[in-house]
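Come along and follow my entries.

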Amino acid sequence: VKQTPVRPTPRSRRNPLTPLDVIPMRDPGSTCTPPWPPRARCTDDTAVEAFSDGRGNRTEAVEVTPAALFFRSCEKAKLVPVKFGDVLADVRDSSCLRLEARQLAGGYLQALLPALVEMTGDGVVIEEVDIHHNAIDDSSSILLLDLLSSLTPRHLMFLNVSYNPLGQAALDTLARHIGNGRIRPVTLNLSGIALGHTCEALTEGILTAEADGVGRLECLYLDETGVGRYSQAACAVLSQLVSSHRLLHLSLERNFFRRDGLAALAEQLAGECSLPSLSLAENGGFEDVAPASEDAKAQVAPSAGAAMDFVSFCEKLRDNKSLEVLDLSSTMLPAEAATCLEESIFEHPSLRRVLVRRNPIGGDGLGALLRLLMGPSPQLEYIDFEGFRDDGRKPLVSFSYGQGSMDYRGKHAIDCRNAYHRCILRLLLRFAESIKLTPKQVFLDLKLNGTKCNIVKVEDYASLSSKSQRPYVLEFVFSVDQALVKECKEAEPLDVLARWHQDRRVSCSRERFVRLIPSWNSLSGPAQRRAFLRALGRSFSLSYAQFQVLLSRTHEFRRDIGHVGSVLLPAVQQVSRTLMSTTMIKFQNMGIRLPSGASAYLRSSPANPTGRYSLDLSEPSQYAVATRLVFVCHWESAVAKAARLPDVSQHGGRLGLRNVTLNRNKQVVTDSFTLPGDGYVGEGMLHADYSTPLIGRFRGKQPTLEPHQVIALEYLFGDGELGATERDRVDALRLMSSRFLVDAGQAKLIMRKITSQRCRADVYCALHARAVDFGAPWVGRPTPPKDAPGVLHDVGLNDSQIGMLGEILGLPVILDFRGVHVGPWNRFHLDLRMADHRVVCSFLVSMNAAEQACNLEGIVFHNTNNHDRKPVGNWVPPATWAKAKDIPAMGILQCGYVMHQKVTDKELNAMKDARGKFARVEVGWVSNK
C-alpha cells in the first residue's frame, strides 16, 4: 500500500527531531538506563504528535528513539517512510530483524542502520536477521554485515539474505566474516543469489571457521544460485561442504548439478562424511547427448555419454553411512536410478526418509522403491513418490524380482562399466543369496566377452569402476526356477509351490506393511494408485488380512474393484486362496464384476494342473496361472526323470505342456521354455494343454478318500440344492482332487453325477492324474461279453470329447493295449514330429514283429510334414522303428492294425513281451477323425 509521507507541522519546526515515539528523561543523577516501554508499537498516527506544551516548545528534555533516527534518515535520503514500528519492536522484544518480502531498496536498510546501532548500543541483541526477497544491494548489505560482525558472534543464530541482488563484494565480505569467526550463524540462507566465483571463498570460509573451532553452521541453503549452469567446477567446490562435521542440512535445490558435479558430490558422501540431510531437488540430470544407435534410442539405461547422471550418483550412495534424509524430487530421475537406489541403500544404517516426488520413475522404478521401503533397513520409514509418472521407455536390461528366469544375452548383456548394469548384477546376486542359492546354481552359461568364465568372479565384476578401459561384458541366463526344481525333487507339490511363491516375492511382515500406508496416502488420483497396486502385485507376498486392508482403501475403484482384486491376487499367499475365493464370491453377490483373470486364477488347481488352458497374458492373474503352470511343468519333469517314469510327452523330456500356441504361433516346449513378459504381465494369448508326466506314481496304493471328503463330494454332487452351477462344482472338485486318491470305480460314480460333456472331460483329467489303477479300468474298450468298459467309455463321453481328451492327455495315454486291433478304433494317424506319436508307432511296429505277420494295413506314409505331397508307395515301417528313438522326427504315418484269428503260443508270448515293454505307459489312442 502506497503511504503518504508524514511532514512536520509549522508549529513543530523549531524542533527538527520531532519523534514518533519519545521517552522523557529520568533524573539526571540517576545511573539507570531507562527501560523500553513494553510492546510499544509505532504508527503513522503517533508520527505527527509532538511532545510539547502546545506552542511548539518542549516541556522537558527528550531522548531520540531508533524510530526517530530512521525517519530522519529517510527524510535525508528523500525516501518514503514506511511502517517500521513493528520491525523495530520485533528487534527490541524478540531480537529479530524481519524485513522479509517487502521489495525494499538498499537505501531503506541504510536508513535503518543508525536505529539498529542505537538499539544495540543500549544492549539489544540481534539473534535473527531475515531480509529475503528485497532489492538490497552490495553497499547496504556490507554495512549490515559489518554491523553484525561488530556484535557478539554467539548471539546471531539465523541469517537469511536470500533473493537479493548481492554482488561479489558483499559475498566476499560475508565469507571473510564467517572465516574469521566474526559472524557465526547456525542457519545461513543464500538462495536466489548468483554465487559465481564466490563459491571457493564461501566454502573456504565455512571450513576454516570449523577447523579453527569458531564455526557453528548447521543448516546451509544454496538453492537457485546458478551453480553449474556453465561449469561444473563450482559444483565440485561446493561438494567439499559435505565433509563438514558440524553441518546438519545442505540444500542445493534448483541448481545445475550434472555428471562431474554429482561425481564429486558422491565421492565426498562416500568419504568421511557426517552430513545427515541433503537436498538436490530440481537439479536436472540430463545432457543433450545424441544416441549412438537405434538400440540406444530404445534403451533407458545410461550410455557411455552419461545421458543420465543421477544413475551413477545413486549407485555411489552405497558407500555412504551418514545420510538420514535425501531429497531427489523433480530431478528427472528415471526408473534406472530408482533401481540403483534399491541396490545402493538397501541396507543403509541411518537413512530414514527418501523423497523422489515428481519423477518419471514409472512402474518399474515404483516397484524398486517399494522393495526398498519393505527391505531390511531398520531406519527407513518413508519414501515419498508423489506425482510420479512414466516416461514411456523400456530399458534393454532390466531386473524383475518376480521373474524366475531372465536372459541376459546378446543385446541384453551386462556391461560392467555401466553403473546401472552393475547394480542389476548386484541385485541378481542378492536375490540368489536371499533364497539361499549359490551363484553357480543360478548363473547358467556364463560368458565374459564371448568366452566362458569362472562363476566365482561374478562378484568381482560387480565392483568394477566405470573408468575401466577394458570391456567386461557378461552374458548368462539367470534362472531361479531351474535351481529350485533341482532342490525340491523329493518335496510335496503344495510345499514346492509355497516355496516357489515365497522365493519370487518380497515377504511383507506386519511391521513393514505399516510403512506402505503413508506412501499410499501421499498418492493423488486413481492412476497413481492403480500403478501402486500393480507394483505391489508384482513383487510382494501378501497375507489375506493385508489383501483386505488394501481393498478397503480402494473405495474410489468400487466400480472396478474386481480389477483391483485381480491385480493383487498373484501376491496373496497360497494358504489364503480359500479366503480369497470367499471374498470374490462376496463381490459377485454385491453385483461387482469379477474379471475373467481373477476367476481363472481362483479356479485353477496348482497341485493338479492337468487340463486345458486359454490365458490372456496381459492380465496379471492369468499370467500368474501361466507362470505357475510352466514351473510345475519343469518340476514334474525333473521328478519324472528322477523316478525314471516313461516319457509320453509331446516333445520329449517328460514335459507336461502340450499343444502350446502363443499368439497363434506353435511353440516347441523344451527344458528352457519360458514365458515372454516381465514376470507379471506379458502380451498375447496362450493356449495350452497340460498332462502330468507323473502317471503311475500312485500305482498299487489304496484310495484315500477321507470321510469328510466323501461328505463334501456328496454335498457337491448330491441331489440337494446347492445354489451353484455345475461348472462351479467341477472347479471345486478340481481344487479338492490334490488331497485324495481314487480308483476307477469311484471315478465312475463321481462322473455319472455330471451331465455336461465338457465338465465330464475336465473331471476325467483331474481324477485320472490321482488314480491308483491304470489300463483297462480307465481306458478299456467295450469288448463284450468278457470285459467291462473302462471309465473312458462308460460315463457317456461322446467321440468328440474322447478325441479332445486324446489331445489334452496325449496320444498314448488312452490306448487300450488289449483292444488295439478292435475297430473302429484301430485306425491311426501319427505325426512323427511328436514324441508321443513315435511311442505309439514303435508299439505298433513291435506288435507287428511279435506276431510275425503283416497286421499293419492301409499304410500311407508322407516323408514330409505336408499332406499335399504324394505319399511313398509300397512302403512298410522298418524293423528298427521298434525303438522310438530310432524313428525320424518327421513325416506322417496313417495305418490300421488288425490281428489274425489264429495265434500260436509262441506268438502269444511274444505279444505279451511286446505289450509288457509298454505296460508302464498304459497308453492308448482313439481314432482321430
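Before I start, a note to myself: helices here are DSSP runs of H or I with at least four residues, numbered from the N terminus. I also keep in mind that this is a predicted model.

**Entry 1: cavities.** I searched the whole structure and found 16 cavities of 30 Å³ or more. The largest cavity holds about 150 Å³ of space. Which residues lie nearest its centre? I noted W500, R505, P570, A624 and T627, out of 16 residues that line the largest cavity.

**Entry 2: the lining.** I then asked which helices supply at least two residues each to this lining. I found α18 (493-503) and α25 (620-643). The largest share, five residues, belongs to α25. By type, I sorted the lining into seven nonpolar, five polar and four charged residues.

**Entry 3: the cores.** I looked up the largest nonpolar core, and it has 182 residues. F313, L328, F385, F476, F478 and L657 make the most contacts inside it. Here α25 turned up again, giving the most to this core with 13 residues. A second, separate core has 33 residues, including V742, F774, L792 and L809.

Entry 4: Last, I checked α20, which runs over residues 526-539. Its 14 residues reach 20 Å from first C-alpha to last, close to the 20 Å expected at 1.5 Å a residue. I listed its buried residues too, and F532, L533 and L536 are among them, as are Q528 and R529.

Key:
Residues are numbered from 1 along each chain as its sequence is written. This is a predicted model: local features need pLDDT of at least 70, side-chain atom pairs count only at pLDDT 80 or more; totals for chains, interfaces and linings use all residues. Side-chain values use heavy atoms; hydrogens and water are left out. On a 1 Å grid over the protein atoms alone, a cavity is a set of points where a 1.4 Å probe fits but cannot get out, and a pocket is an open set with protein on both sides within 12 Å along at least five of seven lines; lining residues have an atom within 4 Å of a point. Grid points are joined across faces, edges and corners, and a volume is the space filled by probe spheres set on the points. Ala, Val, Leu, Ile, Met, Phe, Trp, Tyr, Cys and Pro count as nonpolar, Asp, Glu, Lys and Arg as charged, and the others, Gly among them, as polar. The expected span of a helix is 1.5 Å times one less than its number of residues. Buried means under 20% relative accessible area, exposed over 50%, partly exposed in between (1.4 Å probe, protein chains only). A nonpolar core is a set of buried Ala, Val, Leu, Ile, Met, Phe, Trp, Tyr and Cys residues joined through side-chain atoms within 4.5 Å.
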